[in-house]
Amino acid sequence: MIKLKNVSKFYYNKGVIASGFTKVNLEFNMGEFVAITGESGSGKSTLLNVISGLDSYEEGEMYINGEETSHYSEKDFEDYRRKYIGNIFQNFNLVNSYSVYQNIELVLLLNGARKKDIKQQVLELIKKVDLYKFRNTKVSKLSGGQKQRVAIARALAKNTPIIIADEPTGNLDSKSAVGIIKLLSEIAKDKLVIIVTHNYEQVEPYITRKIKMHDGKVLEDKVIKKVTINDDKNHAISYKNITFGNKLRLGLRNTFNIIPKFLLLFAVYLFITVALMGEYASFKQEEHQASVAGYNYVFQEASPNRIVINKKDRTPFTDDDFKQIAKLNNIKSIEKRDILLDMYVHISGDNNFYIGGPVKSIDSLSDKLAFGRLPEADNEIVIGGNKYDYYLSELKDELMDADLYLADYSYGGIDKNLKLKVVGIVYYDDYQDIIYCGDKLLEQINNNIMKEYNYTRILFMNNYYESNYYSTYFNVRPNKKVSPGKVIVSSDLNWSCEYENCINKNLKVEVSNIYYDDSLNLTISNTYNRNNMNTLLGIDDYDQNNGAIFISESDYNRLFNKGIYQSSVFVDDDREIDTVVKDLDKLGYHPLALKNTLVTDELPIIRLVKTIVTIILVFTLFFISYFIIKIILKSRNVYFSTIRMLGGTRKISKQLLIIELLAVTNLVYFLFLGFLYLNSLQVINFRFVNDMINYLKFSDYVILYLILIGMSYLISIKYAKKLFKNSVIKTLVEEV
Ligand code: ADP
Ligand code: MG
């Protein structure tokens, strides 16, 4: 069956050569029960390991069933072990975290059996070694004698023709030892059993042959009992490859059956998942913040989510325009009269109240009012600002009580035509005040501003005069008391008319801007002076108004309220603003996303450094986790050596490990996703998680998942490679 011819085994250890045994000539046959004795260090274990194919030999020839083995590869020896050898060790080499049943079942599963087919067989083996009561007990809880009986049952389960036992009773009391020897002797009837022992007397009654070793050599080889040698047939057992289902079963069993190891792996994977995601999210957040930082020289309101639009055909916006824009994705609001956003409107009152800021439609107010109510009448407004602002906090009651006026654009004074009332206050973190009002007031303010943006000139008595922002002279103003088609001018102008009488004379107002030109032919209906100004126009302040020309509100609106030529769209998520820009362009608008026009002071080198630091950090995290996982896996060496000793291949070991790591990866990953989901539902609320949810996209989650899977895969491959670099026995021994 097995024949050794001048076989020698050397150990190379850091340049020192030690001899395991030298020039051994032996032959073993089926039916024999061989005891090998000899003092410690005489080479007994080495001999058994070589015979078992667990270790290599350096010299001589070893024959298995007549076949020479010097050309055997690692795979051939694996195959040999699976077909021929059942090992029993002094220190048992069982899987401590498995139950008795699972330990015995393991070897059958590895050999391709189906779980349900072998139940009876495993239970019978357990009964045979008298451990039925303990079949579901973890091996780590058994006594030494019981453990060795499990090892024997396991060897029997494999049903190999050869059983090799290295001091199986070395760790047992004499009573258990005798039991074990008896068991082995029964097996030996139709197998070849080779046993190493220190206690020859104990085995003498049972053995058929005695070999004594000394200093690496066979000193004595004596037949005790004659056996009929039955070597004419091939005793090799046949086996199949382990099924996928059983790999999965074992992999998952390994994931959870050592709780501390599982928790440790779980913690490391959780750490890397959270750290990678967190780091990546905060990087994206910073990128985003950098992309929205900065200012714009033209637009005061340079929010990153604002897109300024006008129509490609230069016509005014219609309601249909706004309707179709509102239907686009990611639209938060439309500020139709967006000019007001970039204006700084002053509001002041008699008792020195002073509020200043852009004007917005009350429809765009999404925050809750801190005080008061929303506007109802045309002249009612809501003020938004910082809660530490003196006017908005301490003086808020007085403010809401006061008569306020819009500052006049033309001369910076107060326009008493427009009396305003604050009815609500809303607080922000920002220090900028914002004035919210209804559409009517918005239009009124807008018209005033439009007037300033138009080029306005007056044709009067064959002379052109500019209507100027800086002076009141020929400044066009609306007045309720003037009839349409009429204009009331200062009596100071009378000198330029014939007979110093301008009544019924013609005056033309011409208005132009980039979108349109228009003009208005008016008839002078009256002239005002210091005394009649109040009666004629309802205005007290002569000095501030003298020189201006007053026209009816409807004429004023005809000139300056020509419709909306520029608007702004606000998006919900500025990170997706480019999509909205494209959509608007397709619909026939010129879009300008202000986010892309911002000017910043940050140096590009700083961004580069930040990016590099993030990359280094991510790699460091990755490798820290990688090494910690590798360290945790070192504790698995015994398990995988055992698997290998039982005939499991490198591929099986690798696959079992991959399943185990992937189980943890997926568990951690999907638990974490669940956690994010709960957070997004507001069931729980963690700020750092909210940042992640806000800044990570679906593709980021996929990439992270692939990174985790890839890492697990890499670790499994490297681990298996390292494990199989050494002989089984070396990995087994090193861990003991
Ligand atoms: P036994 O089992 O009879 O006590 P061993 O087979 O374990 O003896 O050892 C035989 C010889 O080989 C001893 O001299 C021992 O020191 C040496 N030896 C065993 N294992 C190793 C090893 N891994 N590296 C170097 N020398 C070894
Ligand atoms: Mg030994």
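A residue is called buried under 20% relative accessible area, exposed over 50%, and partly exposed in between (1.4 Å probe, protein chains only). Strands (E, at least two residues) and helices (H or I, at least four) are DSSP runs, numbered from the N terminus. This is a predicted model, in which local features need pLDDT of at least 70. Residues are numbered from 1 along each chain as its sequence is written.

**Exercise 1.** Determine how many residues of strand E11 are buried, and which strands pair with E11.

*Solution.*
Step 1. Strand E11 covers residues 306-311, and five of its six residues are buried.
Step 2. Two strands pair if DSSP finds at least two bridges between them.
Step 3. E11 is joined to strand E28 (residues 567-571) by four bridges, and the two run antiparallel. Here arginine 306 stands opposite phenylalanine 570.
Step 4. Five bridges, again antiparallel, link E11 with strand E29 (residues 589-593). In E29, histidine 590 is the bridge partner of asparagine 310.

**Exercise 2.** Explain why strands E6 and E10 each have one side without a neighbour in the sheet.

*Solution.*
Step 1. An open sheet of six strands has the order E6-E7-E8-E3-E9-E10, with mixed pairing.
Step 2. E6 (85-88) and E10 (217-223) stand at the edges with a single partner strand each, so one side of each has no neighbour in the sheet.
Step 3. The partner strand E7 (residues 162-166) runs parallel to E6, with four bridges between them. Asparagine 87 stands opposite isoleucine 164 in E7.

Conventions. Chains lettered and ligands numbered in written order. Predicted model: local features only at pLDDT ≥ 70, side-chain atom pairs only at ≥ 80, totals over all residues. Heavy atoms only, no water.
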